[in-house]
Amino acid sequence: MKIALIHMRHAKSGGTELFLNHLSRYLAEQGEDVTIICRSHVEPSHPAIKFVELRPFGLGKAHRMWQFAKAVDKHVKASDYDFVYGLGKTWTHDMLRIGGGTHFHFLKASGRQKLRWKDKVSLKIEQKAMAPDAYRHIVANSYKSAAEISEAYQVPRDKISVIHNFVDTKRFDAERYHGQVSHLKQQLGLDFSLPTFLFLGTGYERKGLKSALEALARLNFPANLLIAGRENSEGEYKQYAKSLGVEAQCAFLGAQSQPELYFSLADCYLLPAHYEPFGFTVIEALACGTPVITTEQCGAKEVLQPHVSTVISAATQFDELAAAMKHWANYKGDEYIQRQCRELALTLDVDAVMEKNYQQILSVYNNK
């Protein structure tokens, strides 16, 4: 089968990009003819994968996004693909995966009163992508996201499948990194006899860093908080930590290319998200043997179990978050808990989840 996978950016980082790399590899390994339609790309995850690079002229991010979607529509209609799988921000596909929730609900959760031009374009593309005649099937990565799709665009529930996110359990395995983690601890120069919490991700506001800092300030015992990820307003959060009196307990580390090392050294991972359609990092932490605290607003709660995680009601419940942090601090170094975390993550191993996606592709294709 000649399969086209569509996403503007083919790269080695980012949740959708990670999915694209693994799915394209898996499909190529099954002998399928795989083409990635994109605006830019890096090395493919399998030597048989081909690229079609579409770079129409665009002024600014919003215009480039719109122009790319138009170019994809033109290219697909002029080509002979057997199956087209879109991964967002385009409207030409047999099947569409919504991996980041709807932009409609993202804006609703953000409380943004005045829409940017990029938001307006994203909403327009989303509307076209989920118009009744635009798709044969839609894949969501959580039941939370599936409900949002159905609510926002009246997509029938029998046209939506839920396939949860995955984790590369070979890469995210603390057993592989003992030496590197020991070296990293020396580099960081913190007292790792103290409970060490980790916050990791891009977009500190949506993922709830201020909530993590507020909860840290409420703890009645000393603890470390490692903060990793790309954030343009990092200085604002450093100042916020200072205002709460926890600046000395925090290590702002910036963007990191090896999150597996940080998951492996932490005693507990914090994702007190205000809005998170799933959250790859939740199951990556579990794969490294690290328990998790997140919120009801995080789609990954659907795969969690209370013996390895705590799901609090909302990011704004600082005392509830602090109580959960205290609970997991008591299990610092507990090898039984670490094994339980790992065992849950193994049920979401990448190839098992890619096989589910492959079977969904075959099912939709056979009904074309």
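**Notes on the model**

1. Glutamate 17 sits in helix H1, which covers residues 15-29. Helices here are DSSP runs of H or I with at least four residues, strands are E runs of at least two, and both are numbered from the N terminus. Please keep in mind that this is a predicted model, where local features need pLDDT of at least 70, side-chain atom pairs count only at pLDDT 80 or more, and totals for chains, interfaces and linings use all residues. Residues are numbered from 1 along each chain as its sequence is written, and side-chain values use heavy atoms, with hydrogens and water left out.

2. Why is glutamate 17 counted as buried? Its relative accessibility is 9%, and buried means under 20% relative accessible area (1.4 Å probe, protein chains only). The side chain of glutamate 17 makes a polar contact of 3.0 Å with that of arginine 9. Such a contact is a pair of N or O atoms within 3.5 Å; within protein, one must be able to donate a hydrogen and the other to accept it, and residues adjacent in sequence count only if both atoms are side-chain atoms. Leaving aside residues up to four places away in sequence, glutamate 17 touches His7, Arg9 and Ala11 (contact: heavy atoms within 4.5 Å).

3. Helix H8 (residues 209-218) is mostly covered, with seven of its ten residues buried. Among them are Leu209, Leu213 and Glu214.

4. Now the sheet. Six strands form an open, parallel sheet in the order S10-S9-S8-S11-S12-S13; two strands pair if DSSP finds at least two bridges between them. At the edges are S10 (250-254) and S13 (309-312), each pairing on one side only. Neighbouring strands are turned by 20° against each other on average, direction ignored. Helix H12 (residues 318-329) packs on this sheet, touching S8, S11, S12 and S13, and its direction makes about 175° with that of S13. Axes are lines fitted to C-alpha atoms, for helices over the stretch in contact, with angles from 0 to 180 degrees between N-to-C directions.

5. Strand S9 (residues 224-228) runs parallel to S10, and four bridges join the two. Isoleucine 227 stands opposite phenylalanine 252 in S10.

Notes. Buried means under 20% relative accessible area, exposed over 50%, partly exposed in between (1.4 Å probe, protein chains only).
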